[in-house]
Amino acid sequence: MKIIDQRYMAGDNRYSTQPCLLSILEVDETAANAAAMASLDQRLLALLPGVRNQAAMVGMRAEGVPQIVRVVQQVAMELRRLALNEVSVGFVGVVPRTHGRYRLVLPYGASARAAAAPALRIATQMVSALRAGKSFNLQAAVARLRALADRRSLPRTKAAPMAA
């Protein structure tokens with residue numbers, strides 16, 4: 001599972017009525033295995049229980065989207081909620097005429113643009129780690145997203161002129 005492409009879409013666009021991150025996720029056949037998904041769900045809920053609430057916030061634009069794609073989107077949205085207190089509705093869909101590739105649409109608020117792509121990247125890393133039975137440092141991930149949003153939301157100041 002890997003992110004193939006990402007683009008920031010401004011304002012009212014084809015995918016959302018607000019600014020969003022449009023990502024293309026490539027998923028191999030083994031990632032969609034039903035048995036692997038059952039154990040992933042248990043590990044994921046133990047680490048990130050709020051992800052269950054995000055299921056209702058992910059809409060599907062097409063049939064045939066594997067559960068793993070929806071889970072990645074839910075995790076990204078829950079990470080953003082934890083780090084930025086930002087709640088939005090996301091969408092997933094298939095990329096036409098391209099087997100194994102899916103669209104993820106993740107709307108974001110003006111102050112959270114800097115954390116949108118990293119949230120999705122962290123979500124794919126978390127899901128991959130948990131699928132492999134590895135641990136994942138959730139606190140560090142949330143702290144990283146907070147730092148990104150804080151750094152981008154602070155106004156830039158001009159450097160003081162040097163004395164001669």
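**Tyr108 and the rest of the chain**

A: One place to begin is Tyr108, which is buried, with a relative accessible area of 7%. The cut-off for buried is under 20%. Keep in mind that this is a predicted model.

Q: Why edge-to-face?
A: Because planes over 60 degrees apart count as edge-to-face, and the planes of Tyr8 and Tyr108 are at 80°.

Q: Where do Tyr8 and Tyr108 sit in the chain?
A: Tyr8 is in strand β1, residues 2–9, and Tyr108 is in the loop between β5 (101–107) and α3. They are 100 residues apart, and the pair links distant parts of the chain.

Q: And Tyr8, what is its relative accessible area?
A: Tyr8 has a relative accessible area of 33%, so it is partly exposed.

Q: What sits over the ring of Tyr8?
A: The charged end of Arg113, 3.9 Å from the ring centre.

Q: Let's step back. How many helices and strands does the chain have?
A: There are 4 helices and 5 strands. Starting at the N terminus, the order is β-β-α-β-α-β-β-α-α.

Q: How much of the chain is buried?
A: Of the 164 residues in the chain, 41% are buried.

Q: What about contacts between residues at least 6 apart in sequence, how many of those join residues at least 24 apart?
A: 67% of them do.

Q: Back to helices. At what angle do α2 and α3 pack?
A: About 125°, with the axes 8 Å apart. Helix α2 covers residues 67–84, and helix α3 covers residues 113–131. The two are therefore oblique to each other.

Q: Is the crossing left-handed or right-handed?
A: The crossing of α2 past α3 is right-handed.

Q: Which residues make the contact?
A: On the α2 side they include Ile68, Val71, Val72, Val75 and Leu79. On the α3 side they include Ala115, Ala119, Leu120, Ile122 and Val127. Arg80 of α2 and Arg131 of α3 are also among them.

Q: What does Gln73 touch?
A: Leaving aside residues up to four places away in sequence, Gln73 touches Val58, Gly90, Phe91, Val92, Leu104, Val105 and Leu106.

Q: And Gln125, in α3. Buried, exposed or partly exposed?
A: Gln125 lies in helix α3 and is partly exposed, at 39% relative accessibility.

Q: How far is Gln125 from Met1?
A: The C-alpha atoms of Gln125 and Met1 are 9.2 Å apart, while the two residues are 124 apart in sequence.

Q: Switching to loops. What is in the one between α1 and β3?
A: Pro49 is one of the residues there, with α1 at 34–47 and β3 at 58–60. Arg52 is in the loop between α1 and β3 too.

Q: Buried or exposed, those two?
A: Pro49 counts as exposed at 54% relative accessibility, and Arg52 is exposed at 56%.

Q: What about the loop between β4 and β5?
A: Arg97 lies there, and β4 is residues 90–94. Arg97 has a positive phi of about 55° although it is not a glycine. At 85% relative accessibility, Arg97 counts as exposed.

Q: How far apart are Ser111 and Ala149?
A: They are 38 residues apart in sequence and 6.6 Å apart in space, C-alpha to C-alpha.

Key
Residues numbered from 1 in each chain as written. Predicted model: local features only at pLDDT ≥ 70, side-chain atom pairs only at ≥ 80, totals over all residues. Heavy atoms only, no water. Buried < 20%, exposed > 50% of the residue type's maximum accessible area, 1.4 Å probe, protein only. Phe/Tyr/Trp six-rings, centres within 6.5 Å; stacked < 30°, edge-to-face > 60°. Lys NZ or Arg CZ within 6 Å of the ring centre and 35° of its normal. Axes fitted to C-alpha atoms, helices over the stretch in contact; angles between N-to-C directions. Parallel < 35°, antiparallel > 145°, perpendicular 65-115°, else oblique. Left-handed = near helix turned anticlockwise from the far one by under 90°. Contact = heavy atoms within 4.5 Å.
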